Amino acid sequence: MKRSRINEIMRAADDMIRHYGFVLPPFANWSPDEFRAKKAVAGRVVDGRCGWDITDYGQGRFDEMGLFLFTLRNGLLSDLQRGGGMCYAEKLLISRQDQLSPMHTHVIKAEDIINRGGATLVVELYGSDDKGNFAWDRGGLVRCDGIERPYGPGDKLKLAPGESVTLMPGDWHAFWGEGGDVLIGEVSTVNDDLTDNIFREPIGRFAEIDEDEAPWHLLVSDYDKWL
C-alpha cells in the first residue's frame, strides 16, 4: 500500500470515529517525531502494539480485502499466562461496505465483536475439526449479546448497531459491511497480531508499504523500523 493512501485512510477513519462519539487517545495524534521523543515513557504503547493498524493482508486490494484497526489498549501475554493482571484488549475497527476481512480464527484470543454504528455487520461462521483446522462441514455455538446461538457451516450473522457476537478460539470467521461502512468495537483477551491470527488462505496480516510520502502517524507495524 502507498503511504499516501494509508494517510488518507487514517484521516477518514478519524472522522468516522468522531462521528459516532468516540475520540482516540492522545498518542493517536503523535507525529513520528513526537513518538520518537516520547518512546521512553510510551513503552507499554509500543510493547502492546497499541495504535494505528491498516492492512490489505498483503494482497494490494484494500477496497476489496482490507481492514482499518486502532488498538486502544492491550495487556501482556505473560499476565494472561499467569492468570492475573491486564489480561484484556480493546480495539476500534472499520469495515467498509463489501470489504472482506478474510476467514480466520485465533488460538488464544476470545473476542466480542460489536457493531458500534453505521450499517449492518455480516459475520460468516464455520467451525473447526478435531485438530482446530477449518472445517467446511462443521458449525458451533456463539453468544449474541449473551444469548447462546448455534450456527451451521457458512451461516451469516447480521449484526445491527448495538448488537454483538462473542467468538471463541476455533470459531472461524470472516466479516464485512453490508449496505455501508461499519464502526466495530472489539473487546478481547490479550491480543497478539504477530502470531495469533490463523488464516484459512496463505495471506499476510500486515501490508507492505510503498513510502511515497511521509507518514502522518506511525502504524504499529512501523514501530520496529521507526523507533
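Which residues is Leu-141 in contact with, leaving aside its neighbours within four places in sequence? They are Glu-148, Arg-149, Pro-150, Tyr-151 and Asp-171, where contact means heavy atoms within 4.5 Å. This is a predicted model, so local features need pLDDT of at least 70 and side-chain atom pairs count only at pLDDT 80 or more, while totals for chains, interfaces and linings use all residues. Residues are numbered from 1 along each chain as its sequence is written, and side-chain values use heavy atoms, with hydrogens and water left out.

**The chain overall**

- The protein chain has 5 helices and 12 strands; these are DSSP runs numbered from the N terminus, with helices being H or I of at least four residues and strands E of at least two.
- A compact globule of 227 residues would have a radius of gyration near 17 Å, and the protein chain agrees at 17 Å (taken over C-alpha atoms, with the globule rule being 2.2 Å times the number of residues to the power 0.38).
- The C-alpha trace spans about 50 × 45 × 35 Å along its principal axes.
- Of the 227 residues, 51% count as buried (buried is under 20% relative accessible area, exposed is over 50%, partly exposed is in between, with a 1.4 Å probe and protein chains only).
- Take the contacts between residues at least 6 apart in sequence: 75% of them join residues at least 24 apart.

**Pocket and cavities**

- A quick word on terms: on a 1 Å grid over the protein atoms alone, a cavity is a set of points where a 1.4 Å probe fits but cannot get out, a pocket is an open set with protein on both sides within 12 Å along at least five of seven lines, and lining residues have an atom within 4 Å of a point.
- Grid points are joined across faces, edges and corners, and a volume is the space filled by probe spheres set on the points.
- The largest pocket holds about 200 Å³ of space. Its lining has 15 residues, and Asp-47, Arg-49, Asn-74, Asn-191 and Asp-192 are the closest to its centre.
- That pocket lining splits into 5 nonpolar, 5 polar and 5 charged residues (Ala, Val, Leu, Ile, Met, Phe, Trp, Tyr, Cys and Pro count as nonpolar, Asp, Glu, Lys and Arg as charged, and the others, Gly among them, as polar).
- The whole structure has 2 cavities of 30 Å³ or more, and the largest cavity has about 140 Å³ of space.
- Lining the largest cavity are 17 residues, with Leu-67, Leu-69, His-104, Asn-197 and Arg-205 nearest its centre. Two or more lining residues come from each of β2 (67-74), β3 (88-95), β4 (101-105) and β11 (172-189).
- By class, the lining of the largest cavity has 6 nonpolar, 5 polar and 6 charged residues.
- The second largest cavity has about 40 Å³, and its lining has 8 nonpolar, 2 polar and no charged residues. Among them are Phe-27, Trp-30, Phe-35, Trp-52 and Tyr-223.

**Around β7**

- Leu-141 sits in strand β7 (residues 140-144) and counts as partly exposed at 46% relative accessibility.
- Asp-145 is in the loop between β7 and β8 (147-151), and counts as partly exposed at 44% relative accessibility.

**Positive phi**

- Most residues other than glycine have a negative phi.
- Asp-145 has a positive phi of about 55° although it is not a glycine.
- Tyr-57 also has a positive phi, near 55°; Tyr-57 lies in the loop between β1 (51-55) and β2 and is buried, with a relative accessible area of 4%.
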